[in-house]
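Student: Could you take a close look at one part of this model with me? I would like to go through it piece by piece.

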Amino acid sequence: MNYMSDAEGLDALSLSYKKVNKEISNVIIGQDEVIKAVLISILSNGHCLLIGVPGLAKTLLVNTVAQVIDLSYNRVQFTPDLMPSDIVGSEILGEDRSFKFLKGPVFSNIILADEINRTPPKTQAALLEAMQEKVVTVGGKSYPLPSPFFVLATQNPIEQEGTYPLPEAQLDRFMFNVTLSYPSFRDEIEVVKSTTTNTRPELHKVLTAEQILYFQRLIRNVPITDHVLEYAVSLSAKTRPGTELATPQVNKYLSWGAGPRASQYLVLGAKCHAAISGKYSPDIEDVQAVAMQILRHRVVRNYKAEAEGLSADDIIRSLF
């Protein structure tokens with residue numbers, strides 16, 4: 001990308017975001033905040049977990065993102081009998097009697113991990129290495145994954161029979177935990193109108209892999225004041241019960257708080273949120289805009305919170 005300055009690059013990023021958002025909104029109706037979260041996680045080089053009941057277009061959203069951005073895409077439907085080799089690939093005996101590595105679906109820019117909590121821990125762990133290290137190790141040899149690389153995973157919060165809850169260590173690898181809610185009455189009318197006819201909106205590719213890699217580097221160059229940086233870190237630190245900054249409510253209702261990775265994502269997310277909003281530096285409002293989705297899966301409520309019906313969102317909201 002040949003931009004004269006970072007400011008010019010940020011202007012291009014803001015414009016590209018608006019174009020991508022507009023294309024996706026032709027297909028996905030009434031989920032503006034969810035679309036924004038997915039795009040921020042992609043531009044910040046993070047992974048995203050989408051949680052919602054069936055029929056809220058989680059899979060369609062990821063599919064649409066892959067069509068609008070010029071990247072390779074694979075969907076993996078997670079099931080209880082899925083093996084690690086079904087995701088990362090396996091070695092096969094070739095015609096010349098030597099072993100060759102046959103790449104699995106994880107060798108793609110965007111991976112849709114559908115119902116990620118339906119597969120056993122061993123298979124979840126295989127995906128964890130790919131998410132964190134961006135490499136796959138098979139037979140003692142490492143194979144780098146394509147760049148950029150994102151995992152967009154979905155979970156159904158209702159049916160818990162035959163599921164394997166993601167351990168905290170793996171949840172922590174997801175930048176965002178995005179909750180999808182039911183559409184409003186008006187939005188649902190639009191959804192039904194647009195999906196019960198033969199007309200299909202034509203999607204255009206807006207971003208390339210090269211542009212995304214440039215924007216990811218550019219976002220890290222966005223300056224942030226000490227004041228905003230300290231606010232982001234303190235927000236994360238406040239969630240840790242028994243520590244210096246913990247609030248009385250946190251001490252009463254949480255058993256574990258967010259780790260340093262949350263602070264890193266709060267800063268990166270705030271920088272990206274500022275950039276797509278046309279600003280050259282984030283402020284406290286940008287941190288707050290991404291905080292809920294970054295912190296909600298990194299705090300663990302205790303029995304008091306559950307008994308009193310307090311959600312993680314309620315506790316996090318009290319920290320602002």
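Student: Leaving aside its neighbours within four places in sequence, which residues is glutamine 31 in contact with?

Tutor: Happy to! Please keep in mind that this is a predicted model. Once the neighbours within four places in sequence are set aside, glutamine 31 is in contact with Leu56, Leu180 and Ser181. As for where it sits, glutamine 31 belongs to the loop between H1 and helix H2 (32-43). Its relative accessible area is 9%, and because buried means under 20%, glutamine 31 counts as buried.

Let us follow the chain back to the helix on one side of that loop. The axis of helix H1 (residues 6-25) comes within 10 Å of the axis of helix H3 (residues 58-68), and the two cross at roughly 130 degrees. That angle makes H1 oblique to H3. The crossing of H1 and H3 is right-handed. On the H1 side, the contact is made by Val20, Glu23 and Ile24, while H3 brings Leu61, Thr64, Val65 and Val68. Sorted by class, the contact of H1 with H3 has 5 nonpolar residues, 1 polar and 1 charged.

To finish, a word on the aromatic rings. The count comes to 1 aromatic pair. The ring centres of tyrosine 214 and phenylalanine 215 are 5.6 Å apart, with their planes at 55 degrees, so this pair is tilted. Like glutamine 31, which is buried, tyrosine 214 and phenylalanine 215 are buried.

Terms used:
Residues numbered from 1 in each chain as written. Predicted model: local features only at pLDDT ≥ 70, side-chain atom pairs only at ≥ 80, totals over all residues. Heavy atoms only, no water. Phe/Tyr/Trp six-rings, centres within 6.5 Å; stacked < 30°, edge-to-face > 60°. Buried < 20%, exposed > 50% of the residue type's maximum accessible area, 1.4 Å probe, protein only. Axes fitted to C-alpha atoms, helices over the stretch in contact; angles between N-to-C directions. Helix = DSSP H or I, 4+ residues; strand = E, 2+ residues; numbered from the N terminus. Parallel < 35°, antiparallel > 145°, perpendicular 65-115°, else oblique. Left-handed = near helix turned anticlockwise from the far one by under 90°. Contact = heavy atoms within 4.5 Å. Nonpolar A, V, L, I, M, F, W, Y, C, P; charged D, E, K, R; others polar.
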